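Hi,

Here is the structure I promised to pass on. Have a look at it first, and then read my notes below.

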Amino acid sequence: MDRRRLGVLALLGILMVGSACGGGAPASRPSGGGEAAPAAAALKGDAEKGKELFLGTCASC
């Protein structure tokens, strides 16, 4: 019985870690006829927020 509980706990732990990694939906691309975004616009963002998000969501994997 103890081995079974340990197996269940291990499985739950794996599922929790797996659910934290890659939980977001992929970014969608504009469809048809639109101009591509300039490279500078793609780099625009908040580095501190990105770092916080990465450390809280991705770094454990």
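One definition to start: a patch is built from residues with over 30% relative accessible area and no salt bridge, with nonpolar side chains (Val, Leu, Ile, Met, Phe, Trp, Tyr) joined within 5 Å and like charges within 9 Å. A salt bridge is a side-chain nitrogen of Lys or Arg within 4 Å of a carboxyl oxygen of Asp or Glu. Areas come from the Shrake-Rupley method with a 1.4 Å probe.

This is a predicted model, where local features need pLDDT of at least 70 and side-chain atom pairs count only at 80 or more, while totals use all residues. Residues are numbered from 1 along the chain, and side-chain values use heavy atoms, without hydrogens or water.

The chain has three helices and zero strands (DSSP runs of H or I, at least four residues, and of E, at least two). Buried residues (under 20% relative accessible area; exposed is over 50%, partly exposed in between) make up 0% of its 61 residues.

Val-8, Leu-9 and Leu-12 form a nonpolar surface patch of about 280 Å². Leu-12 belongs to helix α1, residues 2-20, and is partly exposed because its relative accessibility is 45%.

Asp-46 caps the N-terminal end of α3, with a side-chain oxygen 3.2 Å from the backbone nitrogen of Glu-48.

Mean pLDDT (the predictor's confidence, from 0 to 100) is 72 for the chain. Where pLDDT is low, the predicted coordinates should not be read in detail.

Best wishes

Technical notes: A polar contact is a pair of N or O atoms within 3.5 Å; within protein, one must be able to donate a hydrogen and the other to accept it, and residues adjacent in sequence count only if both atoms are side-chain atoms. Buried means under 20% relative accessible area, exposed over 50%, partly exposed in between (1.4 Å probe, protein chains only).
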